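Me: Hello! I am new to this structure and would like to get to know it through a few questions. Could you walk me through it?

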Amino acid sequence: MAAHGGREGEVPGPARAHLLAGLWRAAPRGAPVQRAGPHRQGEGAHRHRSRSPRLWLGGVAQPGNRSDEGRHRCGRRLADPQRDDQRGERRVVGLVPPRRWRGHRLLTARRSGDRRRRERSRGAPHRAHAAVRPRHGRHSSCRRGLRRGDHRGEGTRREDPRRDGVSFDLLIRNTSEVVTCTGEGTAEAMLAPIKRGCVGIREGRIAWLGTEPTEGATLELDARGGFVGPGFVDCHTHVVFAGDRSDEFELRCQGRTYLEIAATGGGIAKTVTATRAANEDQLFKLALPRLERLLKHGVTTAEVKSGYGLDVESELRMLRVVRRLGEQQPISLVGTLLALHAIPPEFKTDRAGWVRLVIDELIPRVASEGLARFNDVFVEQTAFTHDEARAVLEAGLRHGLKPRLHVDQMTANGGAQLAASLGAVTADHLEQISAEGIAALARSGTVAVFAPTSTLFARARPFAPGRALRDAGVRVALCTNCNPGSSHSENVFLAIGLACVENGMTPAEAYLGFTRFGADAIADSSLGRLQVGAPADVTIFSADSYRALPYHFAMNSVAHVVKDGQLVF
Ligand SMILES: [Zn+2]
């Protein structure tokens, strides 16, 4: 301390255990992890318990640290300090990394043509999670360090487990609430939460929602008093790209304008050059960690656009990479053709030539390969006109591609009215939308998509008028718009926070923006809601309410992610 000046209240170096000790006390919420009551098999002090993470890497129990007594069956209930551990407070503080951070890995590939099922026969079983307890004899031997087959009687245990009341593959319990997003009326009513609810999952789908499960489960996931909701849908991203523009960001911070940077070959042209030079494998590997970050932010479905190829083969390559990514990592991906993102350098003096090529060749090939659900156009003074957008979107419609539009971002040019007149599924950005544009979207039922992180990052003002759109009855979805230029961020929670602080939306509206309305923005009403029969895409938070997401500004409070019934984070 003396070497550092010895000032009271300042300690050099990173915070350590003793400094954080005061933060461990759990907030008084939810039911305790261990409850009094009649014990069934597999519960109570004598149930099998995993080794404490402190001992997990071959360590030896330290006298008096009380971390291993549960395993040694001394039959005691947890002391108060241990309850805090059990409730995950340390995970929030970050003192003891839970196992999932050490053992997390992406799932094995899905079989092609079967997007809802994962490869089960060849892939290794998922690693046991700290919060997952094996039930009814399923592979508990693995957790004691025994190999498969060492467990006597394993063969007989594989018979149909449903005979003794086990029917779910996974049961999520001990929640503060299950936010279903299936209600009607105000945004708060739409959340339709089930207080202290449970989610029963069978064969990748939600099989039951309620408070008192009458059936058992093969695996149970303890939400530790956090809230549970639908997996997030990030309905507008550009995560497939090559190249790095951090140098350009530095120039911007030094005061150069976008036009000055573009004049020296920067901006979108730089990403196009790098993306054209990258092959399919390189684009795949570059996008994978971006998707992994989205997954850790609770995203289970994302839309990904092309638009950095800007020639026929490069645009097709980008969309093939999107399809491959969708098959080989947990997040479901929806492809969007954005051939009219910028004018290709080869067509600077012949923009009509590029539009013709897109209509005559690119759109038919994208449709015949089944590479995209949507067809998108960037309508702006510096990009494409209404007429060009209309021609390309109508051509897409003839091939089954649904229209979307980037509109009213930098200048008000009637883009929202264009989207409404085309029956577009979404109108995205909308910072400059006019009163007529708002009325047009309300009439057409088009979903407005805000990208508040790009408004912030690109220093564009104002933010899109969320309050006016919501008051007009327009569904407003949110997105990260993760891209190398205007929003280099996968932070869902920054977008949710900005939607409340800058777009004038409420926490419930912002939450719906990444769940129910996000799903509407990709034209899939089976997602973004927790309902029986829907895909079991579920995000489990360490926070106990959706209100904490914008309030704990830009902080990630995702504890676990379940995709198609599988624990993937
Ligand atoms: Zn975009």
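Reply: Gladly! Helix 13 and helix 14 are roughly parallel to each other. Please keep in mind that this is a predicted model.

Me: What is the angle at which helix 13 and helix 14 pack, and how far apart are their axes?

Reply: Two packed helices are described by the angle between their axes and the distance between the axes. Here helix 13 covers residues 351-369 and helix 14 covers residues 386-398. Angles under 35 degrees count as roughly parallel, and that is how this pair is classed. The angle is about 5°, and the axes are 10 Å apart.

Me: Which residues of helix 14 meet helix 13?

Reply: Helix 13 brings R351, V355, V358, I359 and I363 to the contact. On the helix 14 side, the residues they meet are E388, A391, V392, A395 and G396.

Me: Now the rings: are F227 and F541 stacked or edge-to-face?

Reply: The search of the whole structure gives twelve aromatic pairs. In the pair of F227 and F541, the ring centres are 4.3 Å apart. Planes under 30 degrees apart count as stacked. The planes of F227 and F541 are at 5°, so this pair is stacked.

Me: How many residues apart are F227 and F541 in the chain?

Reply: F227 is in the loop between strand 7 (216-222) and strand 8 (228-230), while F541 is in strand 17 (residues 538-541).

Me: Is F227 buried or exposed?

Reply: Buried means under 20% relative accessible area. F227 has a value of 0%, and F541 also has 0%. F227 is therefore buried.

Me: How is the pair of F347 and W354 classed?

Reply: Both F347 and W354 are buried. Their ring centres lie 5.7 Å apart, with the planes at 45°. The pair is therefore tilted.

Me: Which charged residue sits over the ring of F284?

Reply: The charged end in question is 4.2 Å from the centre of the F284 ring. The residue is R324.

Terms used
Residues numbered from 1 in each chain as written. Predicted model: local features only at pLDDT ≥ 70, side-chain atom pairs only at ≥ 80, totals over all residues. Heavy atoms only, no water. Phe/Tyr/Trp six-rings, centres within 6.5 Å; stacked < 30°, edge-to-face > 60°. Helix = DSSP H or I, 4+ residues; strand = E, 2+ residues; numbered from the N terminus. Buried < 20%, exposed > 50% of the residue type's maximum accessible area, 1.4 Å probe, protein only. Lys NZ or Arg CZ within 6 Å of the ring centre and 35° of its normal. Axes fitted to C-alpha atoms, helices over the stretch in contact; angles between N-to-C directions. Parallel < 35°, antiparallel > 145°, perpendicular 65-115°, else oblique. Contact = heavy atoms within 4.5 Å.
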